[in-house]
Amino acid sequence: MRDEKHDVVVVGAGPGGSITARTAAEKGLDVVLIERNSEIGVPVKCAEGVSREIDKFVKIDYNWISAVLKGTITHGPDGSEVVLSVDGMDVAMYVLERRLFDKFLAQDAIRAGADVRVKTAAYGIIKEQEQVKGVYAHAAGEDIRIFADVVVGADGVESRVGRWGGIDTRLRLADVSTCAQYLMCDVEPNTGYGELFFGEEIAPRGYAWIFPKGEDTVNVGVGIGGEVSDENHRALAYLNAFARDKFPDGKIITEIYGAVPLSGPVYETVSAGLLLVGDAARHVNPITGGGILEAMHGGKIAGEVIAKAVQEKNFSKRRLMEYEKRWKKEFGRILYAGMKAKQLLLNLDSKDFNEFFHPLAGDIKIKEFTERALLKEMIKKNPKILLSLVRMMF
Ligand SMILES: Cc1cc2nc3c(=O)[nH]c(=O)nc-3n(C[C@H](O)[C@H](O)[C@H](O)COP(=O)(O)OP(=O)(O)OC[C@H]3O[C@@H](n4cnc5c(N)ncnc54)[C@H](O)[C@@H]3O)c2cc1C
């Protein structure tokens with residue numbers, strides 16, 4: 001067993017891990033970012049849609065953008081439509097090429113001074129008393145003890161780092177969306193909008209999506225509630241029916257499966273010497289299932305807080321709690337509101353969903369393409385939503 005020592009070890013080179021590593025390295029810290037896979041960004045388990053707000057965390061580079069979208073079209077169970085776009089703007093969203101995007105973020109971390117290693121998997125936590133002191137990792141047939149003042153679990157939906165460190169990250173079946181997605185080509189030309197489709201028959205306790213990826217290519221996928229997923233209700237079967245209906249002549253070039261945590265944030269994202277970021281912290285919007293921006297935002301806060309902790313040589317839970325306070329303030333409220341709204345939506349059958357949906361049908365223009373702005377606009381158009389949300393809270 002070989003030993004090494006750093007200021008920070010980040011486990012997982014997704015968007016959350018790379019932004020954490022980049023931010024901490026920019027502040028002069030000695031950072032190592034480890035990724036178990038041999039290629040960063042592969043396999044892609046994502047529909048790749050993000051709001052234009054991504055430019056708050058990274059400079060846009062069209063090398064990793066496969067499509068620019070004007071907005072989204074949401075289809076209710078009876079076919080009524082809500083067209084959502086940004087007031088006065090042609091660009092509301094991007095469809096990423098995550099194969100390249102995730103690599104680009106890791107390269108950014110390297111440019112900032114981080115040491116990035118692929119084929120390096122964490123398999124346990126080093127703890128002394130209650131303080132996390134590093135991780136055990138396996139790389140190229142060698143076992144390594146990577147000591148660090150702070151460990152960051154950015155290891156995605158299947159995260160084990162949190163559990164090893166004593167944080168309860170268990171997910172109930174009902175809090176997971178089971179997804180299947182095809183990358184299809186030879187389909188009708190790009191509509192310029194991402195499309196979401198709701199209805200019990202299309203995706204029970206979930207939805208189907210189409211994100212254009214270029215002239216004749218789309219990500220088409222279905223996510224269904226984990227609690228309804230069984231031998232008779234498989235995400236893949238729903239995807240086959242949906243894809244056949246929408247793109248009868250389309251050709252499948254990639255097939256992927258994945259899970260999205262919809263539980264809302266874990267109860268605690270910090271312990272002594274340990275932080276959880278991104279999907280590992282369940283920082284995913286429970287309504288949309290989107291987690292890329294939340295992972296990047298959380299990663300930025302984590303890197304900044306860790307830099308202060310290193311400067312003060314204080315790695316206690318109390319010191320690192322600044323991370324939790326900040327993410328709660330900066331994007332936590334919308335995740336908690338999303339959980340309430342998710343409960344509201346999941347309790348509606350198709351008929352009730354249509355009733356809920358009809359007052360929203362038509363064009364909605366919002367000032368910024370964020371969940372916060374959307375929720376505000378929805379409440380304006382259908383005040384009953386606010387009433388139901390308030391009832392659920394008390
Ligand atoms: C089908 C599907 C569609 C989605 N579509 C969207 C979308 O359109 N928009 C959106 O915003 N979000 C979407 N998401 C969610 C989004 O993909 C995640 O929220 C986002 O990737 C989270 O980033 P992350 O850095 O936290 O984790 P990840 O991107 O999952 O990265 C975690 C990394 O950790 C590595 N790792 C795990 N364990 C270890 C270990 N022990 N040692 C070393 N490395 C390890 C993994 O290999 C992985 O590279 C989708 C998810 C799915 C499944």
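α1 (15-26), β3 (49-51), β9 (120-128), β12 (176-185), β16 (251-261) and α5 (292-312) each contribute at least two residues to the shell around the ligand. Helices (H or I, at least four residues) and strands (E, at least two) are DSSP runs, numbered from the N terminus. The model is predicted: local features need pLDDT of at least 70, side-chain atom pairs count only at pLDDT 80 or more, and totals for chains, interfaces and linings use all residues. Residue numbers start from 1 along each chain as its sequence is written.

**Ligand shell**
- Of the 37 residues around the ligand, Gly12, Gly14, Gly258, Gly278 and Gly291 come nearest; a residue is near if its C-beta atom, placed from the backbone, lies within 6 Å.

**α1 and α2**
- The axes of α1 and α2 (residues 98-111) come within 8 Å and cross at roughly 20 degrees; axes are lines fitted to C-alpha atoms, for helices over the stretch in contact, and angles run from 0 to 180 degrees between N-to-C directions.
- α1 and α2 are therefore roughly parallel to each other (angles under 35 degrees; over 145 is roughly antiparallel, 65 to 115 roughly perpendicular, the rest oblique).
- Pro15, Ser18, Ile19, Ala21, Arg22 and Ala25 of α1 meet Asp102, Leu105, Ala106, Asp108 and Ala109 of α2, with contact set at C-beta atoms, placed from the backbone, within 7 Å.

**α1 and α5**
- The axes of α1 and α5 come within 7 Å and cross at roughly 30 degrees.
- α1 and α5 are therefore also roughly parallel to each other.
- Residues in this contact include Pro15, Gly16 and Gly17 of α1 and Ile292, Ala295 and Met296 of α5.

Methods
Contact = placed C-beta atoms within 7 Å.
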